Structure formats: structure tokens, C-alpha cells
Amino acid sequence: MRIPPQTWMTAPETRAVMDILNRDGDMARFVGGCVRSAVLDLPIADVDIATRYNPETVTKILEAEGIRVVPTGLEHGTVTAVVNHEHFEITTLRLDVETDGRRAVVAFTEDWREDAARRDFTMNAMFMRPDGSLDDPFGGHSDALAGKVRFVGDPVTRIREDVLRILRFFRFHAHYGRGAIDPAGLHACHETAPLIRELSGERIRVEFLKLLVAPSPLSVLEIMEKSGVLPVFLPGPYDFETLSRLIAFGSRTPDPVLRLAAFAPERADQAFRASERMRFSNAEAARFHTLSTTELAPLPEEAAARREIYRHGNALFEDLIRLQAARGVLDLRHAERLRTLSAHWPKPELPVRGADLVKMGLAAGPAVGEALRRLEAWWIAGDFAPDRETCLAETRRIIAEESK
Ligand code: ATP
Ligand code: MG
């Protein structure tokens, strides 16, 4: 089996790395996502290379040819080669000698098949030589083309080695699956679902957000609910109808946090619990919280809409509009009007700053903040119309009043 050369394979940067590593024979091959994408003729995210050399040798050989090598994950046998700002992750063939469901003790090997056998799904366990010829020990090529996400080996055993594979199973099915989900894999996930509790929130979050950006994650989410996997890390109830409408509106790029806010718990306490389990970054958590708990509608007047834009910023306001429309709280015509309004009204800035107040003679400190807050409230009540001169006059009035 031979895959027609993809542009990323023949790029001079890729060639440089592969030519050097394969100077003395078949020592380095493409592996993982880039091979899967090449088989499916899809664009790739990054180029992963597997090699029979150990990391020290990889580093030595490449550096001798002037290629920069960064030790990015030596404990897993990974180094990253950098050529013209292109990155290549190069990982020494390895096998897991000891696993506990969360992390593995690994050993290097020179055997391609042993390395393929520790990978999760058949479509992720293919190697490709620089000429495009495939080494496909578990039938990943036909599975990829048929949209079958199948575990390498016995699904329950593979999940007990690394429980994250449950989430990866659903993630890959959401992106590459066609037709019914693999019954053996699904059954194994159902059996082992409670083990998800042992995973860190961070690892769950990364996999789950990747699942949520699939073109249509809805049917997979429903399967995850039915099989008891979803409730283990994300408490219900789930509003899949809202999610379905949100997806139907379409958007530039799928937004996993917005999608989550659409179907995950709406009330503040539940929203908080969900984000705790998921270990969101502070910014993600704040955005998720606002999206889950803010009710914009009804917004009869434009002035009210402008106040909300000022409060949330244009992007978040537009997301809120989308969400409210998906929930059926806003009708579509109204939502469209509000979106147009936001597109033509970038969030303004208060035309007066603390420094202006200090220049007027106010001592730097809490009084400045207090006066600014009063000015801001007045400016907002004036529908953001007062210009800098008018605002400065109002500021003088406020300061005079405060010092009475
Ligand atoms: P993408 O990066 O496009 O999401 P990918 O296939 O490159 O897809 P990664 O998570 O980057 O996915 O992993 C790279 C490869 O490493 C996978 O294709 C798979 O072979 C292997 N792999 C990653 N995580 C696991 C795991 N938990 N168990 C077994 N193999 C894994
Ligand atoms: Mg990858």
C-alpha cells in the first residue's frame, strides 16, 4: 500500500529531517495523526516521526547537520527538530512496560510492531515511509477509510492501561467515525466508565474540548450519555436540543466552550461544578460562567443592547446572542438585528482616565476610582454619547460635589 506524496511530505524541511535520519536505512517513519490524515487525504496538524534511534542519537545525528533539536519530552523519548520554524516531534519506538491507568513506565525498542501495538486505535497505529509506503500492522488503512475507530487489541485491557482512551475513543469517532460506533469499544467504555474519576481534570478537559470541536459531536455525546460515560465527569441534565440548534446556525470556527455552555448545566452552581471537573483556565471558566448564567433577552431597545456589549465585550455579547437564539429565548430576526448592531458598534472606552482626575487635583487613591465609577455610570446612562470634553466637565462637577 502506497499513499501519494502529500505536500508536507515533500516539503524541503521534512525531507531534510527524514533524509538525515534514514541515511543508514529504514530508521525513521511518519506515524500517528499525519499518516491517518494522509490516508484520508485531509490536512494535517503536525508531523510526528517515529524512529529506531534513541533520543541521544537522534539529537547527535541531526545537530551534526546543523539542525536544532530541543529535548521536549525526553522521559517519553521525544525530541523536537526545528527547521525553518517547522517543528517535527521525533519519538523513539517504545513500549509500555508498566501501566496504572494514568501513567506508564516506558522502555525503548527497535521493533516497529511493538511500538504500533502500544498505540490506541488501528487508524493511529500506521507507519509511513518517506516514499509513502505504509506499514499497517492492524488494518488501520481500511478502518480509516471505513470510518471505524477500533482499539488495537482488547478494548478493556487497553483502557485499563490508560483510562484516557475512553475519551479518545469518542473523540476520534466524533471526528473520523462513520456509521455505528464500534460495539466492542463502546461496551468496554461502558464497563470501565467509573475509572474516569481517576483522571486529572486537565487531561479530561483537553480530550473533551477536542471532541466538542468535531463538525457534529451531537450523536457521540448522546452515546456517551447513554453509556454512562458523560455523567462521570460532567453532571447532567444535558440540553442537546439547544446544542443542536447552535450547531445548525453555523459559525466561523466551532467553539468548544460555547458548545459546552449550550448543553451543559445552566444554573450558576452547576456551571461552577462543571468547570471544576474540567479544570478550565481562569479565562475559560469566567467565559463559561457568563455564557451559562447570563440572560440577555428581552432587549427591546438598542441602548440596552449597547450596555450589554459594554459589559461583556463584542465577542462575548455575540456568543450570548447566539446562545439565547439557540435556547429559543430570542427569535432569530431579533438575534440577527442585535448581531448587526454589535458588528457596527465596537465597545467604546470611557474617554477619561485616572490620570485626568489626578491632574485636576484629586489625590491618587480610592477617591479616583470612586469618581471614575460615578462618571462611568453617568456616561453609560447617557448611552455612551458624552464626548471627552463633556465627560471632563462632568468629572469636575463630581469632584466638586465630593469635596463638599
Ligand atoms: P491530532 O493531533 O490530530 O489530534 P493524533 O493522532 O496526532 O491526532 P495525538 O493525541 O497527538 O493524536 O497522539 C499522537 C499519536 O500517539 C496517536 O496517533 C496515537 O498513535 C498515539 N497516542 C496518543 N495518545 C495515546 C494514548 N492515550 N494511548 C495510546 N496511544 C496514544
Ligand atoms: Mg498529534
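This is a predicted model: local features need pLDDT of at least 70, side-chain atom pairs count only at pLDDT 80 or more; totals for chains, interfaces and linings use all residues.

Trainee: Which residues of helix 2 are buried?

Mentor: In helix 2, residues 12–21, they're Glu13, Thr14, Val17, Met18, Ile20 and Leu21. Buried means under 20% relative accessible area, exposed over 50%, and partly exposed in between (1.4 Å probe, protein chains only). Helices (H or I, at least four residues) and strands (E, at least two) are DSSP runs, numbered from the N terminus.

Trainee: And what covers the buried residues of helix 2?

Mentor: The cover includes helix 1 (7–10), helix 4 (55–64) and strand 4 (78–83), with contact meaning heavy atoms within 4.5 Å.

Trainee: How many residues of strand 4 are buried?

Mentor: Six of its six. Thr78, Thr80 and Val82 point one way, and Val79, Ala81 and Val83 the other.

Trainee: How does strand 4 pair with strand 3 and with strand 5?

Mentor: Strand 3 (residues 68–73) runs antiparallel to strand 4, with four bridges, and Val69 has Ala81 as its bridge partner. Strand 5 is also antiparallel to strand 4, over six bridges, with Val83 opposite Glu86. Two strands count as paired if DSSP finds at least two bridges between them.

Trainee: What's in the loop between strand 4 and strand 5?

Mentor: His85 sits there, with a positive phi near 70°. Asn84, in that hairpin, has a positive phi near 45°. Most residues other than glycine have a negative phi, and most peptide bonds are trans.

Trainee: Is His85 buried or exposed?

Mentor: Exposed, at 77% relative accessibility.

Trainee: Changing topic, where is Arg279?

Mentor: Arg279 is in the loop between helix 15 (268–278) and helix 16 (282–293). Its phi is positive, about 50°, and Arg279 is partly exposed, with 49% relative accessible area.

Trainee: Last one: which residues does the cis peptide bond join?

Mentor: Gly236 and Pro237, with omega about 0°. Pro237 is in the loop between helix 12 (230–233) and helix 13 (240–249).

Definitions and conventions. Residues are numbered from 1 along each chain as its sequence is written. Chains are lettered from A and ligands numbered from 1 in the order in which they are written. Side-chain values use heavy atoms; hydrogens and water are left out.
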